[in-house]
Amino acid sequence: MNNRFKNLGDIDSKSINHYYWFSDFQKSTMGPLENLELDSLSEYYWIPVQNKDVSNVFIDSVWLGTPYVKVNQNNEINVKLKYEGREGNKEVNLKLSIDGIQVSSAVAEVNNGVAKVVKIPFNINGNSEKKCILSIDDSPISFDNQYYFTINPSPKVKVLLVDDGNNSYLKNLFSNEDIFVVTSTSSGSLDYSTIPVSNLIVINAVKNIPASLSESIAEFVKKGGELIYVPASTTDINNLNDLFKKMNISQVEAYSSDTLGDKGLYTLVPPDFNNPFFKNIFEKKDQNISMPYAFPILYSKNQSNSLLKFKNGRSFLSEFTSGKGKLFLFSAPFSSGYTNFPRHALFVPVLYKVGFDSFSSYEKLGYSFQDKNFTIELTDPRSENIFTLEGNGIKFIPDQRVSGKQLMIEIPEREMGPGFYSLINKQGQTERIVALNFGKKESIMDFYTLDELKKFQGTHPNVKILPLENTDSFLKDFKNEDQGRPLWKYCLILCLLFLLTEILLIRFF
């Protein structure tokens with residue numbers, strides 16, 4: 001609102017402007033009072049409109065219970081609720097609607113100032129993108145009682161398998177699950193145009209990575225892709241370090257081990273179940289789980305990113321961040337003479353976890369106007385395209401840019417209501433449905449008190465506070481500030497008195 005006042009002042013900067021500001025003076029949306037930029041030549045009249053007994057329950061965030069949703073099967077959505085109010089606790093009803101049909105509900109009791117996570121089961125039909133609305137029955141504040149989000153059932157994760165070792169475990173692993181679309185090739189026959197359209201690249205048993213491929217892979221990861229690297233038994237360490245240097249990742253060194261040695265010495269220790277990577281992978285956290293063995297041929301100088309370790313503390317599987325993407329580095333080949341990991345129970349969930357995360361790492365179910373922008377994955381990022389955002393009766397071309405396979409859209413600073421917006425390409429096809437919601441700041445019921453406003457008024461003489469506690473008192477103060485005291489009556493009476501006095505003087509004296 002203060003920005004609007006400034007814009008009006010710029011239009012007519014020569015005159016003294018009078019601004020009347022009716023507001024609840026919410027701290028989360030106004031920010032610190034001392035940061036307000038007020039025109040010293042303008043007069044500001046602040047009228048606080050506040051309800052002392054206000055309370056509010058709102059939906060803070062929504063996320064899936066599993067990395068992806070399956071059709072015609074039981075799924076689960078997690079809803080984080082927050083309560084800001086005067087009462088100690090409050091009970092609310094939640095309703096989940098998908099494509100306009102209520103599919104599930106739940107009852108939750110929330111405590112003041114404490115976040116509450118509620119799990120809501122649901123089931124969906126069909127593979128089309130779903131428009132979902134979560135509703136709560138909280139009153140009297142109702143603007144944030146609905147949360148809009150979308151669900152993409154069984155999304156397709158594009159996996160590029162560059163395999164010079166012809167490892168059947170890897171190919172069968174990703175081919176056996178419908179969510180993965182696998183392109184399998186050798187390093188010598190790789191079509192480089194498939195790199196930017198992939199979500200996950202798996203490099204297995206490639207002894208020497210060509211410089212052109214190294215550049216393409218490094219760019220792919222930095223722009224948000226994920227890479228699994230499994231070495232060959234004769235991997236060129238210097239060549240591999242050239243790739244890691246381009247990705248700003250720690251260098252590796254050769255590790256001398258005897259593949260005929262004692263397997264017990266090279267057995268992995270159970271994973272750290274508190275590591276976020278292993279969240280939702282295991283149904284039961286068993287520290288006595290039987291672990292695979294491996295004979296490593298390399299090790300990273302940075303051991304702090306280990307997901308799976310040997311007994312000596314060195315890493316078998318490491319996770320590294322490069323730009324917006326990640327590298328998952330194995331220290332041993334997947335051939336039978338080096339490890340039994342591809343035949344172990346850990347193999348499938350660990351690699352599936354990487355695959356699922358490669359799709360969901362940057363896309364959210366719903367966005368807020370406070371997010372400033374949102375990012376989606378394009379169906380075909382190689383084609384030139386201009387996208388239009390349509391919804392709630394408006395249509396416009398937002399600021400946008402393509403980086404790799406990702407399209408970033410800036411949420412414009414204009415009057416946009418919450419709801420569903422279609423992202424339309426130049427062919428008139430819907431690329432994606434995007435859900436936008438009010439920002440959470442407006443849901444936090446914390447306001448500046450009258451004493452705090454008057455304290456600010458003490459250092460800003462051009463700010464006047466007009467409390468709206470009593471209507472008659474407010475109208476009186478408003479007239480006094482806006483029109484001054486009406487003295488014309490007194491002036492007329494004085495004029496009549498002087499005229500009467502003059503008549504009397506003339507008549508009798």
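Student: How many helices and how many strands does the protein have?
Tutor: This is a predicted model, in which local features need pLDDT of at least 70 and side-chain atom pairs count only at pLDDT 80 or more, while totals for chains, interfaces and linings use all residues. Residues are numbered from 1 along each chain as its sequence is written, and side-chain values use heavy atoms, with hydrogens and water left out. Helices (H or I, at least four residues) and strands (E, at least two) are DSSP runs, numbered from the N terminus. Counted in this way, the protein has 9 helices and 27 strands.

Student: Which residue is the bridge partner of Ser318 in β18?
Tutor: Strand β17 (residues 315-322) runs antiparallel to strand β18 (residues 325-330), and 6 bridges join the two. In β18, the residue bridged to Ser318 is Leu329.

Student: Which residue takes a positive phi in the hairpin of β5 and β6?
Tutor: Strand β5 (residues 89-98) pairs with strand β6 (residues 101-111) in the antiparallel sense over 10 bridges, and Asn93 has Val107 in β6 as its bridge partner. This hairpin has 2 residues between the strands, and the positive phi, near 55 degrees, belongs to Asp99.

Student: Is Phe334 buried or exposed?
Tutor: Phe334 lies in the loop between β18 and α6 (347-360), and, leaving aside neighbours within four places in sequence, Phe334 is in contact (heavy atoms within 4.5 Å) with residues including Asn167, Leu170, Asn204 and Val230. The C-alpha atoms of Phe334 and Tyr169 are separated by 8.8 Å, although these residues are 165 residues apart along the chain. Relative accessible area, taken with a 1.4 Å probe on protein chains only, sets the classes: buried is under 20%, exposed is over 50%, and partly exposed is in between. Because its relative accessible area is 4%, Phe334 is buried.

Student: Is Asn248 buried or exposed?
Tutor: Asn248 is placed in the loop between α5 (237-246) and β14 (252-254), and has a positive phi of about 55 degrees although it is not a glycine. Since its relative accessible area is 64%, Asn248 is exposed.

Student: What is the relative accessible area of Asn392?
Tutor: Asn392 lies in the loop between β21 (388-391) and β22 (394-396), and its phi is near 55 degrees, a positive value in a residue other than glycine. Asn392 is partly exposed, with a relative accessible area of 48%.

Key: Pairing = 2+ DSSP bridges.
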